Structures are given as C-alpha cells and as structure tokens.
Amino acid sequence: MVDARKQTYEEFSAHNPDMLQAVLRAIDKGKIPKLAGAVPVDKVAETLKNPAKTLESNFPVIGDLEAIVRLIGRPPLLVQGDAVVQEPLEDFPADTGARIKAAEKWLPSVGRVEFVNHDMRWGGTGWVVRRMSDAEAIVVTNRHVAKLVARRADDGAGLFMRSPAGILMGMIVDFNEEAGARPQDSREVRVTKIKYLADDTAADVALILVTAEGGTLRMPAAINLLDRDARDKERIALVGYPAYDSRNDAAAMSRYFRDLYDVKRFAPGYVIKPTVNAVLGHDATTLGGNSGSVLLSLEEDGAIGLHFAGIYGSHNSAVSAPTLEKLLNGRIVVPGASVGDETSTHEAVSAASAFADRAGYNPAFLEKGTVAWPLLPEELKAELATPSDTQPANPHELRYTHFGVLLSRSKKLPILTAVNIDGNKSVRIKRGEDKWSFDGRIPKEQQMGDPAYLDASIDRGHMVRREDPNWSDAGNEAESRQANDDTFHFTNCAPQHSSLNQGKALWQGLENYILDSSRTHGFRACVFTAPVYRDDDPKLDAGVKVPLEFWKVVVTLNETGQSLHATAYLLSQGQLIRDLLEKRNRAEAVEGFVLGAYRTFQISIVDLADATGFDFNGLEAYDPLQKARTQEGVEPGQPIVIPVYAPEELIL
C-alpha cells in the first residue's frame with residue numbers, strides 16, 4: 001500500500017525535486033508523523049496550480065504541508081551563548097558542522113530590530129556591516145522593516161515618523177535576544193540615524209547608524225562582505241529572528257520550532273538561484289522576523305547577501321553582497337528634483353562687480369564687545385556657497401550693505417543672516433515695486449528663483465528685514481536705498497507659508513519694537529536670523545521645501561552701555577520646543593504635547609544652541625533668561641521658553 005504521506009509529498013514536491021528525497025527519507029525513518037486527517041492529493045495539486053505569492057514574512061500555508069516540506073533537512077538551529085546548538089544535518093556534507101562552528105564568530109554581530117513608540121515590539125533582523133568605533137557602527141536591515149517607523153527623505157535618508165499620538169518613533173538593535181536570555185543580558189544600541197532608506201523600486205535595503213551609549217557595550221565586529229556573487233548550490237546559513245506567523249499552520253510550526261520564536265537562530269541551506277540583477281535565491285528556513293537576516297557563506301568567510309523575501313514553493317530571496325558594498329560606498333545615485341533653475345521675465349541678475357563696495361556684517365559694530373558670526377554645525381558649514389569676491393575673514397559671506405548672508409548650495413536658501421542696525425541714523429525708504437534679483441557672485445543654480453514662489457500660498461520671506469540696514473552715517477539716502485535694494489536678492493529670502501501670518505504680526509512687531517527702541521534710546525543692535533531646516537519640512541509640487549520655524553538672536557548694549565545684552569526668539573508652532581523635550585527625555589514630549597498655532601516665543605540662547613547645533617560664541621552669558629536656570633523651582637533640563645503675546649512682555 002502506498003503511504004499517503006509519500007504520495008502527498010511527492011505531488012507537493014514535484015516542482016522542488018531537490019527536497020523530495022530528503023522528505024521521503026524522513027518519512028521512512030519516522031521523523032514525520034502521520035497526517036492529521038487525510039489531505040487529498042487532488043487538493044494539494046489544485047493548490048499548487050495557484051499563482052506564486054511573494055511574502056516578506058513566511059510562505060502561504062497548505063494544511064500541514066508547507067512548513068514541513070520546507071523544513072525537512074533545513075532546521076533553524078538555536079543560538080545560545082553566541083554558539084549554535086547543532087543537530088544532525090543529513091542533507092549536508094560531513095564537514096558542515098565544523099563550518100558552522102567557524103561561522104559562529106559572526107553571531108554577536110546579528111541583532112533584533114526593535115521599535116520605540118510603535119505598536120509592534122520588534123520588526124526584523126539587522127547586522128553590523130561597517131564598524132566605525134567601539135561605540136558606533138552601521139547596521140543593515142530591510143527597507144520594509146525600517147519603513148514601519150520611518151519614511152524616505154528626498155536625499156535617500158530615512159526620517160523617523162510620529163505615532164498617531166504625535167510621539168516620535170525610533171529603533172533599537174539588540175544583539176542578544178537568544179533563547180533563555182535574561183533582560184539584563186540585552187546588548188542594546190540605539191539607532192541615531194537612518195543613513196539610507198531605499199526607494200520602493202530599489203533593492204530592499206536600509207542602512208542605519210547605531211550608537212552604544214554609556215560605554216558598557218563594545219560594538220560587535222562588522223561581518224565581512226564577500227566581493228563576489230553567490231555560486232549555484234553554495235552552502236549558506238541564514239542568521240536572524242524567525243517570528244510566529246499566524247498565517248502558517250500552528251501545529252506544523254510548533255512541531256519544528258518547538259513553540260520557541262522571536263529568538264536568534266542559525267538556518268543552514270543552499271543557494272538555489274545564483275545572483276541575477278543583484279538578487280540571489282536560497283532555501284534556508286525563514287519566518288517573518290527573518291526580514292533583514294544575514295546570509296553567510298559556509299564555503300567562504302563572510303556574508304553573501306541580505307535576506308528580504310520569499311516565493312511559496314520556490315525560493316527565498318536575498319540582496320547580493322556586491323550591491324550592499326555599492327550602497328555603503330555611496331555609488332548608487334539617489335534621484336532628486338532640481339528646483340530654481342528656471343527664471344521668469346521679472347528676474348534680474350546683479351553683476352558680481354556691482355558689489356565691489358559692500359562691507360557686509362561688522363562684528364565690531366557695538367564697540368563695547370565683539371559679536372562674531374555664530375559657528376555653524378559641520379553639516380551646514382560643509383554646504384555653504386562661496387562668492388567670487390570671497391575674503392579670508394569669512395570666506396562664505398555674501399557681503400551686502402550693513403548685512404551679510406550665508407547661503408546653502410544644496411538648499412539654495414540662506415542658512416544664516418547677520419545685520420547691523422543703527423537706530424539713530426536710520427533713513428526711511430518707501431517701499432516700491434518689489435524686484436528680486438540673483439546675486440552674480442555665485443552660480444544661479446545655487447539660488448532659489450521665482451519657481452519657488454509660484455504657489456499662491458508661499459511668500460518671499462525676508463531674512464534681513466527690509467528696513468533694518470537702511471541707515472547711513474551721514475544720513476545718505478543713496479547708501480540707505482542701496483541697503484534697501486540689497487535685501488531684495490533671492491539669497492536673502494526663504495519660502496514662508498501663508499499660515500505663518502497667523503503668528504507673524506508679533507514676529508514683525510518684535511523687529512519693529514527693536515528698531516523703534518534703538519531710535520528712541522539711540523543704541524545699536526546686531527541681529528542674527530535663520531530658518532530652522534528639517535528633513536521633514538513640507539514640499540511643494542515644484543520640489544520646494546518650506547521651513548516651518550525661524551529663530552532670531554538680538555544683541556545690543558545693556559542699560560549702562562558697558563556690556564552686551566543678548567536675547568533669542570522663535571517663530572514656531574512648537575516643533576523645536578518638542579524636539580528639545582524629547583532630546584532631554586522630558587515626559588512632556590510624550591504626555592499629550594500638541595503643536596499649537598504659530599506664535600512668537602522668547603527662548604534662552606543655551607536652549608537655542610542645543611536645539612540647532614549653532615555655537616553663539618558665549619552670548620549665553622549676556623542672556624537675561626540664563627539667570628532663570630539658577631532660580632528656585634526651575635527643573636534641571638527644562639527648556640526656558642516663554643510665549644510672548646506683546647512686545648512689552650519681552651524679558652530684557
């Protein structure tokens with residue numbers, strides 16, 4: 001009599017002959033129990049006629065069949081104590097056990113990708129692909145794992161999203177999570193940045209920067225990437241964290257996984273489809289949590305690929321090691337939109353020679369103390385445009401009449417502006433028809449022109465206010481008019497959404513208050529203004545990204561005229577304040593923090609520096625809000641931020 005199990009598995013395995021003999025041997029040796037209930041051969045055959053399905057967790061289920069057929073001869077071996085708990089491997093050469101032993105050195109470099117502030121506790125596997133130091137490394141996982149908590153930015157990086165409650169999500173990688181591991185055995189590192197998050201049309205890869213904090217954990221070694229494609233029938237092993245999958249038959253999974261999921265396993269197998277278009281096929285056992293697992297070669301020391309998906313009854317898929325190497329070296333171009341190259345008939349270009357007499361911003365303007373340009377974070381400094389009339393004192397300053405601008409080549413917008421205001425010598429210049437121009441000292445393609453402002457809801461927002469530099473030592477109207485006209489260069493404006501108008505009146509009133517006070521009391525002022533650029537700033541159809549916040553630092557002389565006085569302000573809905581709370585692990589950031597309407601805040605210079613990464617050269621010492629940090633009742637780590645509803649409420 002024909003064994004029903006053999007007949008069923010023969011029918012089921014007709015398209016996968018490499019597995020058939022192993023299945024039949026296992027049945028003969030009693031390793032596969034009798035079928036629980038008869039599964040008709042015609043039912044199996046009918047199912048096999050259905051189209052193949054692509055999965056990112058596990059294959060679809062046919063009664064008791066799929067998991068058993070897939071798993072015979074391909075056991076997902078447990079990992080404990082950074083070692084593989086080996087079992088007999090009848091489908092592999094005799095030296096496979098020794099080769100597995102040799103590959104154990106890579107086990108500490110494989111971790112479980114866990115989520116912060118997400119409904120799912122964890123979502124896949126990741127492994128160290130480049131180690132920068134004891135405390136920092138790059139881990140590779142799948143795009144579809146990272147996209148559970150992040151989205152792709154224009155430059156190809158990833159941005160953490162917020163939960164429906166508005167709480168910022170994040171990721172942690174735990175390099176332990178073995179069977180029997182205790183909570184105190186965790187080896188967690190924090191994901192501080194998603195350096196690359198593939199587009200949906202590209203290889204399923206995400207590169208994440210992880211940091212070990214506190215000095216208690218040394219970053220594991222980077223797994224060696226082989227510089228070749230996988231070979232047909234090459235012995236491999238997949239290391240990752242298979243998770244329970246309700247789409248599979250519970251009895252079948254329990255029989256093989258012994259009801260132990262979510263822990264590190266080592267699954268041997270073979271390459272069954274050599275690399276084609278950067279993707280290879282393998283038959284190692286996988287479940288959902290294996291997304292992002294490393295595919296090790298058991299014939300050469302290193303990784304041959306990154307597991308990402310499978311097709312029922314056919315193969316699992318992995319991104320090839322050479323593709324990962326290209327991504328690590330930045331050799332795959334990220335497509336991006338180019339904005340601002342076109343000009344309208346109303347745009348003009350100011351020739352470079354027209355700026356020959358411009359002195360720019362004067363740091364010694366207040367006489368009783370130098371007010372130097374703030375120092376930029378390295379990532380902003382690296383993208384500054386360089387004018388043709390560059391000077392050693394500040395090689396990136398675009399010098400205008402009584403003010404200067406630092407411009408970003410990539411953003412095509414100002415990063416920082418600085419202006420000297422003399423209220424005693426101001427000259428009122430009536431505003432005429434606005435005529436915006438390109439600055440001929442830098443390439444036009446580095447400046448955002450009219451296409452950035454075609455949307456009716458977007459305004460050209462002066463960074464240096466039109467009236468601020470309009471003064472002259474001799475009351476010279478020509479000099480003041482030149483300063484006025486200089487403010488109408490594209491280098492001095494940033495897109496501002498009309499919604500800012502809800503809180504812009506006070507922002508404008510703040511500048512009026514400063515200027516009017518200087519006229520009244522005869523003091524001078526130095527003012528720095530800048531947008532707050534975020535990777536998740538909204539983008540218009542033309543590709544223009546619109547900053548949502550702006551800050552300003554105003555420096556004058558104090559009431560005695562013998563020392564500096566410095567205050568800082570923020571035009572915002574509260575994004576930067578929320579970021580500060582999150583950065584300092586303040587509970588307010590997750591306990592119902594809600595972004596409000598646009599309004600003006602006075603903020604301490606210490607907190608502004610912490611939030612933006614700018615160095616204000618010691619101006620914090622002259623900030624009246626700094627005194628609040630030492631007052632009784634002010635909690636440590638609490639940002640000093642004061643909503644301002646009228647200029648008279650400023651703390652000066």
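Student: Of the 40 residues in the largest nonpolar core, which touch the most other members?

Tutor: This is a predicted model, in which local features need pLDDT of at least 70 and side-chain atom pairs count only at pLDDT 80 or more, while totals for chains, interfaces and linings use all residues. Residues are numbered from 1 along each chain as its sequence is written, and side-chain values use heavy atoms, with hydrogens and water left out. A nonpolar core is a set of buried Ala, Val, Leu, Ile, Met, Phe, Trp, Tyr and Cys residues joined through side-chain atoms within 4.5 Å, where buried means under 20% relative accessible area with a 1.4 Å probe and protein chains only. In the largest such core, the residues that touch the most other members are Trp-127, Val-205, Phe-266 and Leu-296.

Student: How many residues are in the other core, which lies apart from it?

Tutor: Among the members of this other core are Val-371, Cys-526, Ala-568 and Ile-603. Its residues number 36.

Student: Why is α12 described as roughly perpendicular to α13?

Tutor: Helices are DSSP runs of H or I, at least four residues long, and here α12 spans residues 575–583 and α13 residues 605–612. Their axes, lines fitted to C-alpha atoms over the stretch in contact, are compared by N-to-C direction on a scale from 0 to 180 degrees, and they lie 10 Å apart. Angles of 65 to 115 degrees count as roughly perpendicular, and α12 is therefore roughly perpendicular to α13, with a packing angle of about 80°.

Student: Which residues of α12 and α13 make the contact?

Tutor: Contact means heavy atoms within 4.5 Å. From α13 come Asp-607, Asp-610, Ala-611 and Thr-612, and from α12 come Leu-576, Leu-580 and Lys-583.

Conventions
Helix = DSSP H or I, 4+ residues; strand = E, 2+ residues; numbered from the N terminus. Parallel < 35°, antiparallel > 145°, perpendicular 65-115°, else oblique. Buried < 20%, exposed > 50% of the residue type's maximum accessible area, 1.4 Å probe, protein only.
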